[in-house]
Amino acid sequence: MTTEETVEEFAQNVAAQTDAIGRGDAKTGNKHADRYIAAFNKLRALGDPGREALAVLLTHPRVDVRTTAATCLLRYKTAEARAVLEEAAKGKGLFSFGAQQALKRWEEGTWSLDPA
């Protein structure tokens with residue numbers, strides 16, 4: 001699987017998880033969460049080139065994909081990721097709350113999705 005395909009796998013599974021949760025199907029949502037986390041781990045294993053590839057999702061049309069990518073990229077693309085999360089945090093709903101929590105953990109120094 002190419003890096004671009006792994007990025008696409010990440011995006012598709014974030015979106016699929018959101019859609020499953022919206023239908024009240026947590027079991028399917030969890031399956032997709034496992035898949036996008038695995039995709040992130042593959043990208044992270046590539047080092048900064050993998051992180052850079054994931055960064056294209058910071059401008060994805062879906063807020064769930066943007067905010068999930070931003071949450072994963074806070075250490076690597078701090079300014080860009082914070083901007084995405086701060087914008088999402090202004091809204092309402094699950095992704096607004098998630099963005100608020102990611103920013104809070106970052107400020108507290110407890111965020112640890114992609115340690116240095």
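Mentor: Start with burial: buried means under 20% relative accessible area, exposed over 50%, and partly exposed in between (1.4 Å probe, protein chains only). The model is predicted, so local features need pLDDT of at least 70 and side-chain atom pairs pLDDT 80 or more, while totals for chains, interfaces and linings use all residues. Residues are numbered from 1 along each chain as its sequence is written, and side-chain values use heavy atoms, with hydrogens and water left out.

Trainee: How many salt bridges are there?

Mentor: A salt bridge is a side-chain nitrogen of Lys or Arg within 4 Å of a carboxyl oxygen of Asp or Glu. By this rule the count is ten.

Trainee: Which residue meets Asp 114 in a salt bridge?

Mentor: Asp 114 lies in the segment after helix 6 (94-108), and its partner sits in helix 3 (residues 48-54), so the pair ties together parts 63 residues apart in sequence. Helices are DSSP runs of H or I with at least four residues, numbered from the N terminus. Both side chains are buried. The N to O distance is 2.5 Å, and the partner is Arg 51.

Trainee: Is Glu 52 buried or partly exposed?

Mentor: Glu 52 forms a salt bridge with Lys 77 (3.0 Å, N to O). Lys 77 has 17% relative accessibility and therefore counts as buried. Glu 52 has 35%, so Glu 52 counts as partly exposed.

Technical notes:
Helix = DSSP H or I, 4+ residues; strand = E, 2+ residues; numbered from the N terminus.
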